[in-house]
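This report describes a protein structure through its side-chain contacts and its strands. The sequence and the structure come first, and the account follows.

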Amino acid sequence: MKLFAVLATLALAAMVGLAIAGEDGVVEEDFHLRPGVEEQHVRIVSEEAGVACTFTYKCSGGTGENWKVRIAPVEANTYVCTVGRPNPPSYLLMSQFLLALEPAGTGASVKLTSADLHGGGKMVPSGQYVVDAELAQVRPSESWGGSLEQLTAVVEVTKKPAEKKKKKGGNKKKATTKKDNTHREEL
């Protein structure tokens, strides 16, 4: 009976487009990169990590490709957001893109520390894209060549400690457990 409940939950999550968090803190979601349409957005959020990763894009050529967006822990308070094609190469030309990292939840802040792009089977020269640490964004520069297969951004997350509230009426303590509230939104 438990197996049925787990399978039903996974099926429901797939139907409504929720990202599933793995035991190791990884959150990932598959999406279909569609060429020739207006700007598209894919967003995943990891409440556990305290970070949201939004990929906005516009591309041309081909018939579409399956891509993946992922948030994974690297070390304490450091996470990597990866957007890319699981089976390169990509035959689409990325005319516009923006990877934006933002805090998830109250009291968190993010700092983009580095980013790497791969396209055409090799590293994209750093002059073809902009890493804006202040805005926590990666976007093409004016010399962007259009070839993108994978974009990886490393972000440090700082969470403010929760404030303790004094309760009226005694010193009773209540034990609570918070599960990872992870979800995906398509804008």
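Which residue forms a salt bridge with glutamate 102?

## Basis of the report

The model is a predicted one, in which local features need pLDDT of at least 70 and side-chain atom pairs count only at pLDDT 80 or more, while totals for chains, interfaces and linings use all residues. Residues are numbered from 1 along each chain as its sequence is written, and side-chain values use heavy atoms, with hydrogens and water left out.

## The salt bridge of glutamate 102

The partner of glutamate 102 is arginine 43, and the closest N and O atoms of the two are 2.2 Å apart; a salt bridge here is a side-chain nitrogen of Lys or Arg within 4 Å of a carboxyl oxygen of Asp or Glu. Strands (E, at least two residues) are DSSP runs, numbered from the N terminus.

Burial is judged by relative accessible area, with buried meaning under 20%, exposed over 50% and partly exposed in between (1.4 Å probe, protein chains only). Arginine 43 counts as buried because its relative accessibility is 15%, whereas glutamate 102, at 31%, is partly exposed.

Across the whole structure, the search finds 6 salt bridges. One of them joins the side chains of glutamate 28 and lysine 68, at 3.6 Å from N to O, and this pair connects strand S2 with strand S5 across 40 residues of sequence. Glutamate 28 also forms a salt bridge with arginine 70, where the closest N and O atoms are 3.2 Å apart; because arginine 70 lies in strand S5 and glutamate 28 in strand S2, the pair ties together parts that are 42 residues apart in sequence.

Glutamate 28 is partly exposed at 31% relative accessibility, as is lysine 68 at 25%, and arginine 70 is likewise partly exposed, with a relative accessible area of 33%. Together with Asp30, the residues Glu28, Lys68 and Arg70 are linked in a network of salt bridges.

## Strand S2 and its pairing

Strands S2 and S5 pair in the antiparallel sense over 7 bridges, where pairing requires that DSSP finds at least two bridges between two strands. Within this pairing, glutamate 29 stands opposite valine 69 in S5.

## Aromatic pairs

The structure holds 5 aromatic pairs, where rings of Phe, Tyr and Trp (its six-membered ring) pair if their centres lie within 6.5 Å, and planes under 30 degrees apart count as stacked, over 60 as edge-to-face and the rest as tilted. Among them, phenylalanine 55 and tyrosine 57 have ring centres 5.5 Å apart and planes at 20 degrees, so the pair is stacked. The rings of phenylalanine 55 and tryptophan 67 are also stacked, because their centres are 6.5 Å apart and their planes meet at 15 degrees. This second pair links distant parts of the chain, with phenylalanine 55 in strand S4 and tryptophan 67 in strand S5 (residues 65-75), 12 residues apart.

Phenylalanine 55 counts as buried at 0% relative accessibility, tyrosine 57 is buried at 2%, and tryptophan 67 is buried with a relative accessible area of 0%. One aromatic cluster is formed by Phe31, Phe55, Tyr57 and Trp67.

## The disulfide

The count comes to 1 disulfide, defined as a pair of cysteine sulfur atoms within 2.5 Å. The disulfide joins cysteine 53 to cysteine 81, at 1.8 Å from S to S, and it is left-handed, with -60 degrees about the S-S bond. Cysteine 53 lies in strand S4 (residues 51-60) and cysteine 81 in strand S6 (residues 78-84), so that distant parts of the chain, 28 residues apart, are linked. Both cysteine 53 and cysteine 81 are buried. Cysteine 59 is buried too, with a relative accessible area of 4%.

How values were computed:
Helices (H or I, at least four residues) and strands (E, at least two) are DSSP runs, numbered from the N terminus.
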